[in-house]
There are 2 protein chains.
Amino acid sequence: MVNPSISVDCVVFGFDGSELKVLLIEFGRKMNNADPSQLKLERKLPGSLIQEKEDLSAAAQRTLVELTGLTNIFLRQLYVFSDPNRISRPEDLEWIKNTYEIPVSRIVTVAYFALVKIDKSVLQHTVEGVSKWHGVQSIKQLAFDHKQILMKGLEVLSQQLLNEPIAFELLPKRFTIRQLQNLYEAILGIEIDNRNFRKKVLNVPCIKLLDEKEKGVAHKPARLYRFDKAMYEKDIKKKMKYNLNFIRFTD
Amino acid sequence: MVNPSISVDCVVFGFDGSELKVLLIEFGRKMNNADPSQLKLERKLPGSLIQEKEDLSAAAQRTLVELTGLTNIFLRQLYVFSDPNRISRPEDLEWIKNTYEIPVSRIVTVAYFALVKIDKSVLQHTVEGVSKWHGVQSIKQLAFDHKQILMKGLEVLSQQLLNEPIAFELLPKRFTIRQLQNLYEAILGIEIDNRNFRKKVLNVPCIKLLDEKEKGVAHKPARLYRFDKAMYEKDIKKKMKYNLNFIRFTD
């Protein structure tokens, strides 16, 4: 049995090497005219009402496994959207009625954001399935209040990118400095000086140079790096304890 | 009309100059014996079911105005607690039934955390009212899953203290460096070297020395400082744009 008052919606971010992408579901909505075969194509975030016996994170994971085939996804609570009128347009109410086959008056939705490495297996799932990757910058509108949820996702992603090494959840395990810079530029929406960026990255002890280079590229193959998560976590603990680097807003 | 599925609970933090405090509500619960006058004293976080026509933040603010008399409180979403069995003990279910006079099967609660300056007017409210300040370290147990919510509040407060100048929401407008250090030590649960701390703070341009000293203290009066929020916000924007200090985990 579903709980008619609470849903989850997931902002699933991915990165293709140059652009920040988000996973959207396309659906056809009947238009207000005599011909029922005429559908208006709309897009929404993946989501679901929660089941009576599951918690929110289980509901979000259930939604994401179906769409991506991945069971071990980086997933965090983003924000709760609870405006009593967030679903009030007649076409939105009708869609919910038709989809869940229960009367729904008000739905509070808990938004999650997920970070996914867009590799072959994920691409297979999302190109063949009901959901598709879209460039975040190209998204003009979404159904319900999902554009607002997407923008909140982008805001929180930017903040956390500044304070935690979550960039590496989006990159391939072995990456070039160019790819890392592209990722920061795409998420923060700024241009970064190449030399400064390279210098900064080379100074981070937990970003390790590998004995490998890119393969199959037209340009001169660049060196590959990996992120040493275990080392990062050890360092952070040490810093908390000894270095007193914690008034970070003094940077 | 209340919505029986969703509640808010508020972790209200305050600081008295040496200890981190949290605002708790005390209530008596009937004990399982023949004498109904025997009550067991329990403590919980302030909270409420949401009304049909209000969003979550309005519900949290409503709860806090009643308890503190303050209308302009620093308030953020903390986390959603949605375990289907989070309220399952018979005495908890009975308390909810008696309090709200409606049948309730499962409540998802959205936790907020608030930061409050414990000044005279707040103290008057909370000493005379139903809620009281308790030292966070002294809290052994709370009703429902509220201890878990409090611990999450403490975790998020620590994280945000490292990345944002939220310390000043808890301090008086004019404060000593000693007070600021006490606050960091109380929240992070660590001891900090006095000299290092002082040096770091004096290097922060948006912490301004005032032409005033403490009054009415037994020891040698210390100098007073204030936090220049407008300057901080200008600086942060500039840094984002030019200084590329954003891979902060390299600190």
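This briefing covers backbone angles, aromatic pairs and charges over rings in a predicted model. Local features need pLDDT of at least 70 and side-chain atom pairs count only at pLDDT 80 or more, while totals for chains, interfaces and linings use all residues; side-chain values use heavy atoms, with hydrogens and water left out. Residues are numbered from 1 along each chain as its sequence is written, and chains are lettered from A and ligands numbered from 1 in the order in which they are written.

**Positive phi**

- Most residues other than glycine have a negative phi.
- A:Phe144, which is not a glycine, has a positive phi near 50 degrees.
- B:Phe144 also has a positive phi, of about 55 degrees.
- A:Phe144 lies in the loop between β7 (131-135) and α4 (146-163) of chain A, and B:Phe144 in the loop between β7 (131-135) and α4 (146-163) of chain B; helices (H or I, at least four residues) and strands (E, at least two) are DSSP runs, numbered from the N terminus.
- A:Phe144 is buried at 13% relative accessibility, and B:Phe144 is buried at 14%; buried means under 20% relative accessible area, exposed over 50%, and partly exposed in between (1.4 Å probe, protein chains only).

**Aromatic pairs**

- Over all chains, the whole structure holds 16 aromatic pairs; rings of Phe, Tyr and Trp (its six-membered ring) pair if their centres lie within 6.5 Å, and planes under 30 degrees apart count as stacked, over 60 as edge-to-face and the rest as tilted.
- The pair A:Tyr79 and A:Phe81 is edge-to-face, because the planes stand at 70 degrees, with ring centres 5.4 Å apart.
- A:Tyr79 is partly exposed at 31% relative accessibility, whereas A:Phe81 is buried at 7%.
- B:Phe227 and B:Tyr232 have ring centres 5.9 Å apart and planes at 50 degrees, so this pair is tilted.
- B:Phe227 is buried, with a relative accessible area of 14%, and B:Tyr232 is buried with 12%.
- In chain A, one aromatic cluster is formed by A:Phe168, A:Phe175, A:Phe227 and A:Tyr232.

**Charges over rings**

- The charged end of A:Lys152 sits over the ring of A:Tyr79, 4.4 Å from its centre; a charge sits over a ring if NZ of Lys or CZ of Arg is within 6 Å of the ring centre and within 35 degrees of the ring normal.
- B:Lys152 lies over the face of B:Tyr79, at 4.3 Å from the ring centre.

**A:Gln38**

- A:Gln38 is in the loop between β2 (20-30) and β3 (39-44) of chain A and is partly exposed, at 38% relative accessible area.
- From A:Gln38 to A:Arg178 the separation is 140 residues in sequence and 45 Å in space, C-alpha to C-alpha.
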